[in-house]
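You asked for some notes to read alongside this structure. Please keep the sequence and the 3D view open while you go through the points.

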Amino acid sequence: MRPVKGLGLAVLVLLVLGASGCRRAPAPPSPEYEQATKRWSSLYAQKLDGAYLDPATGEIEALLQRVPADSVDSVAAQDLLRRIDEGRTRMMAAAAEQQRAVESAQALPTSDPSQTGIAQPEALPSEAPVDAGLGDAGMVGPQVGTPASELVAGFRGCFQRAMPVQVEGRGMREGWKLSDRASCRLEFPSHADTMVLIEDGRVLALLPTSEMRTVQRYADGGVVSSDAGR
C-alpha cells in the first residue's frame, strides 16, 4: 500500500501544477485606450471644461468603448467614460442655468440706488447718433460670458462700474456701463446706453437702459418709480 500512496501524492502534485499552468495572462495594453487618453488630454488642455461638450468627445468615447474587457486598461477606460459622462451632464446643467439667468435678467430689471448706498450717476448729455459704419472698425466689446476681470483692465479702460442692479428673481447684481468719453463711444458703439450685468465673475447679460426701471425710496417710505425711455 505504501507505493500506492506515493503514486497518489505524485498525481496530486501534477494536478496542482497543471491547474496553475492554465491561468491566462492579462491581455496586453489597449491601443484604443492609449489613443483615447492622448486625444482627451489634448482636447481638455485646449478647452478645459468646454471639452465635455465638444463634438470630438464622442469619438474619444467610441475608442474607449472598444477597449477589450480583459485588457489591463479596461478599468481605466470605464473610469474615463464615467468621468466624461458626469462632466457632460454638469456642463449641460450649467448652460441651462445660464440661459434661465439671461431670460430672467431680461424680464424688466430695476435699479434702486437707495438699496446700495451708491449715488445716482449723472445723466449723460445727449449726443448726435454715431454712424453705424464706425462699429465695423471697433472692438467687439464684452459679451455674455466675458470674465468680469476684463472690464477692469481691458477694452481700453472704456467700461466703468455703475450702480448695482436689482434683478427680479435673482437679487442685486453688479452693473457696468460704457464711459461717456467720445473715443469709447466710437470704439464700442453697440454698448452705448447699455448696462452690463455681472454674476459669478462673468457677464450675465447686456441690457438696454431703456428697458430698465429706476425706483427711488425715501426715508418716509415713499417710492417713486420711473420707466427709462418711456
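1. The mean pLDDT of the chain is 75, and 66% of its residues reach 70 or more. Over residues 4–21 the pLDDT is below 50, and this stretch has zero contacts in the model beyond near neighbours in sequence. Residues 128–138 also have a pLDDT below 50, and for them the model shows five contacts beyond near neighbours in sequence. Where pLDDT is low, the predicted coordinates should not be read in detail.

2. For the overall layout, the secondary structure of the chain comes to six helices and seven strands, and from the N terminus on these elements run in the order α-α-α-α-β-α-β-β-α-β-β-β-β. Of the 230 residues in the chain, 31% are buried. The accessible surface comes to about 14400 Å², and carbon and sulfur atoms account for 57% of that surface.

3. Which residues of helix α3 are buried? In this helix, which spans residues 56–65, they are Thr 57, Ile 60, Glu 61, Leu 63 and Leu 64. These residues cover an arc of only 155 degrees around the axis, and therefore they lie on the same side of α3.

4. Tyr 33 belongs to helix α2, which covers residues 31–47, and at 18% relative accessibility Tyr 33 counts as buried, because the cut-off for that word is under 20%. When residues up to four places away in sequence are not counted, Tyr 33 touches Leu 64, Val 67, Asp 73, Ala 76 and Ala 77; Leu 64 is also one of the buried residues of α3. The C-alpha atoms of Tyr 33 and Arg 66 are separated by 8.3 Å, although these two residues are 33 residues apart along the chain.

5. How many disulfides does a search of the whole structure find? The search finds one, and this disulfide joins Cys 158 to Cys 184, with an S to S distance of 2.1 Å. The link of Cys 158 and Cys 184 is left-handed, with -80 degrees about the S-S bond. Cys 158 lies in the loop between α5 (149–153) and β2 (159–167), whereas Cys 184 lies in helix α6 (residues 182–187), so the pair ties together parts that are 26 residues apart in sequence. Both Cys 158 and Cys 184 are buried.

6. The structure holds six aromatic pairs. A pair of aromatic rings is described by the distance of the centres and the angle of the planes. One of the pairs is formed by Phe 155 and Phe 188, which are edge-to-face, with 6.0 Å centre to centre and 80 degrees between the planes. Phe 155 lies in the loop between α5 and β2 and Phe 188 in the loop between α6 and β4 (194–199), so this pair ties together parts that are 33 residues apart in sequence. Phe 155 is buried, with a relative accessible area of 13%, and Phe 188 is buried as well, with a relative accessible area of 0%.

How values were computed
Residues numbered from 1 in each chain as written. Predicted model: local features only at pLDDT ≥ 70, side-chain atom pairs only at ≥ 80, totals over all residues. Heavy atoms only, no water. Disulfide = S-S within 2.5 Å. Helix = DSSP H or I, 4+ residues; strand = E, 2+ residues; numbered from the N terminus. Buried < 20%, exposed > 50% of the residue type's maximum accessible area, 1.4 Å probe, protein only. Arc of directions from axis to C-beta. Contact = heavy atoms within 4.5 Å. Areas by Shrake-Rupley, 256 points an atom, 1.4 Å probe, with all protein chains shown as cover. pLDDT = per-residue confidence, 0-100. Phe/Tyr/Trp six-rings, centres within 6.5 Å; stacked < 30°, edge-to-face > 60°.
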